[in-house]
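I set out below my notebook entries on one model. The sequence and the structure come first, and my look-ups follow.

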Amino acid sequence: MKNNVASQSAQSKSPLLLWFRNDLRLADNAALAAAAARKCPVIPVFVYDEGAQGAWSPGGASRWWLHHSLSALAHALQERGSRLILRRGFAADELQKLAEETGADLVHMTRRYEPWAITQETACRSQLADAGIELKRFSGGLLVEPEAIATKAGDPYKVYTPFWRALCSSYSPARPSKAPKLLSSPKSWPQSDDLTDWGLKPINPNWASEFADFWMPGEAGADARLSAFLNDAVGAYKHARNRPDVAGTSRLSPHLAHGEISPRLVWWRIQSARAAHPEREPGLETFAKELVWREFSYHLLFHFPDLPSKPFREEFAEFTWNNDAKSTGAWQRGMTGYPIVDAGMRELWATGWMHNRVRMIVASFLIKDLLIDWRHGENWFWDTLVDADLANNSASWQWVAGSGADAAPYFRIFNPVTQGEKFDPEGAYVRRWIPEIAKLPNKYLHKPFDADEQTLANACVSLGDTYPRPIVNHAQARKVALSRFDDIKS
């Protein structure tokens, strides 16, 4: 009887539109929790507004993930007596249409921080207000809002370590909210697009065909990833995170990028693990710092919105690039002749992801060995990474290039041979992704170009045929890169 009364009371109120953006989860979703607390009909909606994102419309790998994440979210909502309404078009127009169709006068949404998203939110707020509809914004995409943390002078942080210290000294999160068990539904549901009609999954070529072997998009997949990591690998994370040949990382990044788990919930789980397993503290501390690096990247993007397109350090605008298309293509295909680089690029193509240490190696090779503008690498990663994230992507590429905030020194040029030998010492990673050189002994696996003809023959390797010769001499390329960096210093 009480349930019937509550249902009738909810139906007597105007519906509320719950606008999902990149917060594709039910747990620790402030916009959702506030909507459920109003005890009115809630209409969840996702608007695919490609035009708003301009040059940063989701790449192929992100679209694949988005398709499956939306499917998982729709299923989770259905289990709670609700539905996910899908609309495609200009967000302000679609939200206004839905409000008019349903009688809703309030929209809840989670804040985003990318420049295009800020513009989108402003447009939606203005248009909806003119129609008598309130747009209410909630936090949840970050641990701390970008305006809430600043230096003593009131400026944005430009160096990570003091940012980390400032956040840790002031951040005391509330307990994350649980997913609601039920959501009140409207008397009738508005029309929805069919997700399959959006064509988010790659078709020609279907290079994402094997992604499902590696990933489970959705909130349940995020929870499973985090739980498995905290229960096992986190203990060795401080050191194992640099080893692409072992399962030493959380692989949580695509789930965070699509908001399938909140950073606050991750932080809370880290602190709980610290209390339960103090012996894992080194790994947990390092993992927390990686989470806050994501936070720092968003801090930079919010305060310096040109970060994805312009060097943070202005002198790098004068750097002379080669931008050779043939070399770029060899890098993209994993055919540079440097095994650790090629293994990383092939892992990326096959799985939509690349180990973080290897990301730094391949980025350094593109920028400092091939002298290709870092923005070419940024764009390739944007299209091929399932965890493509505008803040992380741009901040990290500029960090490697030496042009960003808190950047690696310009003279830090990774040697692809020694990096491979150090972080893939037994060659398991290279052998997995470059089977054509798998029979080479460890001594030559990361530098097949140094092997004698007999060793190559015994391993069935023919340089220039079965595997490419190096497209550049690293020692010579390093000298050229340093010379060009010196030019912009003077």
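Which strands does helix 4 lie across, and at about what angle does it run to strand 2? I found helix 4 (residues 60-78) across strand 1 and strand 2, running at about 170° to strand 2. I took helices (H or I, at least four residues) and strands (E, at least two) as DSSP runs, numbered from the N terminus. I took axes as lines fitted to C-alpha atoms, for helices over the stretch in contact, with angles from 0 to 180 degrees between N-to-C directions. Contact means heavy atoms within 4.5 Å.

I note that this is a predicted model, in which local features need pLDDT of at least 70 and side-chain atom pairs count only at pLDDT 80 or more, while totals for chains, interfaces and linings use all residues. Residues are numbered from 1 along each chain as its sequence is written, and side-chain values use heavy atoms, with hydrogens and water left out.

I looked up the strand order and found an open sheet of five strands, 3-2-1-4-5, with parallel pairing. Strand 3 (85-88) and strand 5 (134-138) are at the edges with a single partner strand each, so one side of each has no neighbour in the sheet. Neighbouring strands of this sheet are turned by 30° against each other on average, direction ignored. I counted two strands as paired if DSSP finds at least two bridges between them. Strand 1 (residues 16-20) pairs with strand 4 (residues 106-110) in the parallel sense over four bridges, and L17 stands opposite V107 in strand 4. Helix 2 (residues 30-37) lies across strand 1, strand 2 (42-48), strand 4 and strand 5, and runs at about 150° to strand 4.

**Entry: H67**

I then turned to H67, which lies in helix 4. Is H67 buried or exposed? H67 counts as buried because its relative accessibility is 9%; the classes are buried under 20% relative accessible area, exposed over 50%, and partly exposed in between (1.4 Å probe, protein chains only). Leaving aside residues up to four places away in sequence, H67 touches L195, T196, L200 and K201.

**Entry: helix 17**

I checked the length of helix 17 (residues 390-401): at 1.5 Å a residue its 12 residues should span 16 Å, and its end C-alpha atoms are 16 Å apart, which agrees. The expected span is 1.5 Å times one less than the number of residues. Because 10 of its 12 residues are buried, helix 17 is largely enclosed by the rest of the structure. Among the buried residues are W397 and W399. The cover includes helix 6 (115-130), helix 12 (281-303) and helix 22 (474-489). At the N-terminal end, D389 caps helix 17, with a side-chain oxygen 3.1 Å from the backbone nitrogen of A391. G402 follows helix 17 and has a positive phi, near 90°.

**Entry: salt bridges**

How many salt bridges does a search of the whole structure find? The search gives 24, a salt bridge being a side-chain nitrogen of Lys or Arg within 4 Å of a carboxyl oxygen of Asp or Glu. I looked up D28 and R264, whose side chains meet in one (2.3 Å, N to O). This pair links distant parts of the chain, 236 residues apart: D28 in the loop between strand 1 and helix 2, R264 in helix 11 (residues 263-276). D28 is buried at a relative accessible area of 5%, whereas R264 is partly exposed at 25%.

I also noted that R274 forms a salt bridge with E285, the closest N and O atoms being 2.2 Å apart. R274 is in helix 11 and E285 in helix 12, 11 residues apart. The side chains of R274 and E281 meet in a salt bridge at 3.0 Å, N to O.

Technical notes: A polar contact is a pair of N or O atoms within 3.5 Å; within protein, one must be able to donate a hydrogen and the other to accept it, and residues adjacent in sequence count only if both atoms are side-chain atoms.
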